[in-house]
Amino acid sequence: MKRIALALILALALVLVGCGSDTPQTNWDENLTIIAPFLAAEPMEGFTFGESDDIFGISGVYYAAWTNGEARSFTNAEGEDTVIFDAQIYVVAQECRTEEEAQQNISAWKAREKQNYQASEEFGITVNDRDYIMMNMVSGNEGNPYGSGAAAFTVSGTNAICVELVCSGGFVENPRAVLEVFLNGLHFSE
């Protein structure tokens with residue numbers, strides 16, 4: 001029985017190794033925060049790197065967050081306690097099989113933003129020779145502690161990337177301008 005269990009575990013491990021990313025690894029500068037094998041970010045003045053999660057890396061989903069301001073408690077509409085800041089930057093990166101699949105992910109992310117915020121019309125910007133679709137989030141839905149922000153979306157090869165800046169009332173800077181500075185510090189491996 002132990003041999004069968006060990007054989008099953010080894011077979012599963014071999015299958016999972018085959019699911020790994022085809023995205024090339026890059027020797028990133030040590031000052032960069034690595035978000036995904038294909039994406040890294042420069043430090044951002046006024047923001048503190050908070051967390052990253054590549055636990056979903058086996059499925060090709062990566063996440064990182066930066067915060068601005070002091071942490072404070074907030075109870076959401078469901079009665080759950082959480083921590084909020086003056087502002088937060090979130091990056092979600094998804095490895096996809098095709099560019100079309102990456103575009104589909106971006107469409108879903110944009111729809112989610114529009115469910116949570118009253119958003120401006122989408123518009124294109126170019127930052128550091130990379131094209132993004134951007135939207136300003138003018139006001140958050142009732143109960144959302146982050147009342148404004150901006151979001152940008154891009155495709156890099158077959159990878160979909162969403163970068164979101166959400167702001168509470170304590171953040172006085174222009175969300176679009178701050179997000180553009182952050183985007184300027186993103187590095188992609190192609």
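Modeller: Among contacts (heavy atoms within 4.5 Å) between residues at least 6 apart in sequence, 54% join residues at least 24 apart. This is a predicted model, in which local features need pLDDT of at least 70 and side-chain atom pairs count only at pLDDT 80 or more, while totals for chains, interfaces and linings use all residues. Residues are numbered from 1 along each chain as its sequence is written, and side-chain values use heavy atoms, with hydrogens and water left out.

Colleague: How many helices and strands does the protein have?

Modeller: Helices (H or I, at least four residues) and strands (E, at least two) are DSSP runs, numbered from the N terminus. On that basis, the secondary structure comes to 3 helices and 13 strands.

Colleague: What percentage of the 190 residues count as buried?

Modeller: Buried means under 20% relative accessible area, exposed over 50%, and partly exposed in between, with a 1.4 Å probe and protein chains only. Of the 190 residues, the share that counts as buried is 39%.

Colleague: Is E113 buried or exposed?

Modeller: E113 is found in helix α2, residues 99-116. Not counting residues up to four places away in sequence, E113 touches M135, M137, A151, F153, C162 and E164. Its relative accessible area is 0%, so E113 is buried.

Colleague: Which residues of β12 are buried on the side that includes C162?

Modeller: In strand β12 (residues 159-167), 9 of the 9 residues are buried, so the strand is largely enclosed by the rest of the structure. In a regular strand the side chains alternate between the two faces of the sheet. One side of β12 holds the buried residues N159, I161, V163, L165 and C167.

Colleague: Which residue in β12 is the bridge partner of Q94?

Modeller: Two strands pair if DSSP finds at least two bridges between them. Strand β7 (residues 87-95) pairs with β12 in the antiparallel sense over 9 bridges. The partner of Q94 in β12 is A160.

Colleague: Which residue in the turn between β11 and β12 has a positive phi?

Modeller: Strand β11 (residues 148-156) runs antiparallel to β12, and 9 bridges join them; A152, for example, stands opposite V163 in β12. The two strands form a hairpin with 2 residues between them. The turn residue with a positive phi, about 65°, is G157.

Colleague: Is G124 buried or exposed?

Modeller: G124 has its place in strand β9, residues 123-127. Leaving aside neighbours within four places in sequence, G124 is in contact with Y132 and I133. Its relative accessibility is 59%, so G124 counts as exposed.

Colleague: Within what arc do the buried residues of α3 fall?

Modeller: In helix α3 (residues 175-184), P175, V178, L179, F182 and L183 are buried. The arc is that of the directions from the helix axis to the C-beta atoms. Seen down the axis of α3, these buried residues line one face of the helix, because they fall within an arc of 140°.

Colleague: Which strands stand at the edges of the open sheet of 3 strands?

Modeller: The order of this sheet is β1-β2-β13, with antiparallel pairing. Strand β2 (residues 39-41) and β13 pair over 3 bridges, and the bridge partner of L39 in β13 is F188. Each edge strand has a single partner strand, so one side of each is left without a neighbour in the sheet; the edge strands are β1 (33-36) and β13 (186-188).
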